[in-house]
Amino acid sequence: MSAVDQAWMARALQLARKGLYSTHPNPRVGCVLVKDGQVVGEGWHLRAGEPHAEVHALRQAGDKARGTTAYVTLEPCSHFGRTPPCADALVAAGVSRVVAAMQDPNPQVAGRGLRRLAEAGIEVHAGVLEAEAREINSGFIKRMETGLPLLRVKLAMSLDGRTAMASGESQWITGPAARRAVQRLRARSSVVLSGADTVLLDGARLTVRADELGLDAEQTALAAQRQPLRVLVDGRLRVPLDAPFYQAGAALVASCAAAEGFAAEGRELLVLPGSDGHVDLARLLAELGARGANEVLVEAGPRLAGAFARLGLVDEYQIFMAPKLLGSQARPLLELPLERMAEARELKISDIRAVGDDWLVIARPL
């Protein structure tokens, strides 16, 4: 792996990130075509059903594509889906070398695209900046490998680890910059999920508000075109149908019991009985994965967030910490009853950064 290959792959990854808010349920992919040290074509995947990154780059390059090196952040596809195989397009264009960041975890591809290229006499390399490529598509990769989406839990807390006053009042713990960051988390997600307590206490709608994203015009326009699926976990159907959550558009409600006349006006009821009136959360995630969800963002109170944690279903915590003290009577971050130090849940902190006046801690269970 040369420094030149890494530099061009870094550009391809930059292009792939342009699809952060729009490619669901597809992966985010970028492609750069290089000849004699110059870019002759580049592209990125915009949304499902439209041309893949390689096709955009080939169209831009035209006849100049022949003899180029193609840098692609994900192995070119080898099967007919909603679009033709990109591996065949690269062969037909006369590309002489293909450098892929990683093999496609999709069982329909899984090395077949690279083999197709090699059999056509194209020089093939894989594994350039693979860690960075996997990070961009961590949800897609998990769904392809396990059938489950990546579960990201967003929490906002005070410096003393509290999320709301004893009354349930929680608006606003964090400042405007943190709230914009949360909007971006929603926009990149396939699903935004919450529980009855949060929806009842906060009047939560869980929608993406384009004017609060803090993105450039191009990315704002892309994010505004797609709302993530809003999912409400409401085991006993406590949230009334005139609540702001239901007035905000289509939603999927996971409950333990069926209800007459519920499925109307974009509402879908998914019955997933659990124990003691609690929805089977593992089955819910499996259902969301089967529907093509790559990333699920949980914005919930300590009970539901704690339930996901206790079941070992959380892949990542994004914790926004405000420079405030809410006191010992305020609500905790998670309902996670532990009695001994040996029971402590260990996390690996991958990032800490300032977000306005607040701090963001990104941590993953070990």
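The following legends describe close-up views of a predicted model.

**View 1. The largest nonpolar core.** This core comprises 40 residues, of which Met9 and Leu33 touch the most other members. Helix 1 (residues 3-16) makes the greatest contribution, supplying six residues. Apart from this core lies another, of 33 residues, which includes Leu252, Leu272, Ala300 and Ala309.

**View 2. The surroundings of Leu33.** Leaving aside residues up to four places away in sequence, Leu33 is in contact with Gln38, Val39, Val40, Gly41, Ala57, Leu58, Ala61, Ala65, Thr68, Thr69, Ala70 and Val95.

**View 3. Helix 7 (residues 176-188).** The 13 residues of helix 7 reach 19 Å from the first C-alpha to the last, close to the 18 Å expected at 1.5 Å a residue. Buried residues of helix 7 include Ala177, Ala181, Leu185, Arg186 and Arg188.

**View 4. The peptide bond between His24 and Pro25.** The bond joining His24 and Pro25 is cis, with omega about 0°. Pro25 belongs to the loop between helix 1 and strand 1 (30-35).

View 5. Asp36 counts as exposed because its relative accessibility is 74%. Leu237 is likewise not a glycine and has a positive phi of about 50°. The loop between strand 9 (229-233) and helix 10 (244-247) contains Leu237, which counts as partly exposed at 26% relative accessibility.

**View 6. A nonpolar surface patch.** Ile349, Ile352 and Trp359 form this patch, and together they have about 320 Å² of accessible area. Ile349 is located in strand 15 (residues 347-355).

Note on methods
Residues numbered from 1 in each chain as written. Predicted model: local features only at pLDDT ≥ 70, side-chain atom pairs only at ≥ 80, totals over all residues. Heavy atoms only, no water. Core = buried A, V, L, I, M, F, W, Y, C linked by side-chain atoms within 4.5 Å. Buried < 20%, exposed > 50% of the residue type's maximum accessible area, 1.4 Å probe, protein only. Helix = DSSP H or I, 4+ residues; strand = E, 2+ residues; numbered from the N terminus. Contact = heavy atoms within 4.5 Å. Patch = residues over 30% accessible without salt bridge, like charges linked within 9 Å, V, L, I, M, F, W, Y side chains within 5 Å. Areas by Shrake-Rupley, 256 points an atom, 1.4 Å probe, with all protein chains shown as cover. Salt bridge = Lys/Arg side-chain N within 4 Å of Asp/Glu carboxyl O. Expected span 1.5 Å × (residues − 1).
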